[in-house]
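Here is a short walk through one protein model. Keep the structure in view as you read.

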Amino acid sequence: YGSDALGGVVNIITKGGHPGFRVEGSAEGGSFAERQVTALMSGGTERVNGAFSAGYFGTDGINLSRFGAEKDGARTVTFSGKGMA
């Protein structure tokens, strides 16, 4: 426990589908040319369902160094899916 711990447990439960079909999405923007876009599709029947999601995050960043003028940007793309029968 605490600072003496050598390991841990991470329990990730992804979204599953529900009867019918559903599409969700979002788009955001912010300082330093930050942008984030996400999309989720899910659906199924009482016996079979599934979901798929995708996301993108990007930023042009800022100059973290005292030397030079380059910006330290970042890009992240994620995908996840789940199916159950």
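F21, V23, M41, F52, V77 and F79 make up a nonpolar patch on the surface, and their accessible area together is about 670 Å². Patch members have over 30% relative accessible area and no salt bridge; like charges are joined within 9 Å, and nonpolar side chains (Val, Leu, Ile, Met, Phe, Trp, Tyr) within 5 Å. A salt bridge is a side-chain nitrogen of Lys or Arg within 4 Å of a carboxyl oxygen of Asp or Glu. Areas come from the Shrake-Rupley method with a 1.4 Å probe, and for residues only the protein chains shown count as cover. Two elements give two or more residues to the nonpolar patch: strand 1 (20-30) and strand 4 (74-84). Strands are DSSP runs (E, at least two residues), numbered from the N terminus.

This is a predicted model: local features need pLDDT of at least 70, side-chain atom pairs count only at pLDDT 80 or more, and totals for chains, interfaces and linings use all residues. Residues are numbered from 1 along each chain as its sequence is written, and side-chain values use heavy atoms, leaving out hydrogens and water.

Two strands pair if DSSP finds at least two bridges between them.

Follow strand 3 next. A hairpin of 4 residues joins strand 2 to strand 3. Strand 2 (residues 34-44) pairs with strand 3 in the antiparallel sense over 10 bridges. Along this pairing, L40 has S53 in strand 3 as its bridge partner, and R35 stands opposite G58 in strand 3. Strand 3 also pairs with strand 4, again in the antiparallel sense, over 11 bridges.

The bridge partner of F52 in strand 4 is G81. F52 counts as partly exposed because its relative accessibility is 40%. Buried means under 20% relative accessible area, exposed over 50%, and partly exposed in between (1.4 Å probe, protein chains only).

T59 is also placed in strand 3. Is T59 buried or exposed? T59 counts as buried, because its relative accessibility is 9%. Not counting residues up to four places away in sequence, T59 touches F32, A33, E34, R35, G73, A74 and R75; contact means heavy atoms within 4.5 Å. T59 and A74 are 15 residues apart in sequence, yet 5.5 Å apart in space, C-alpha to C-alpha.
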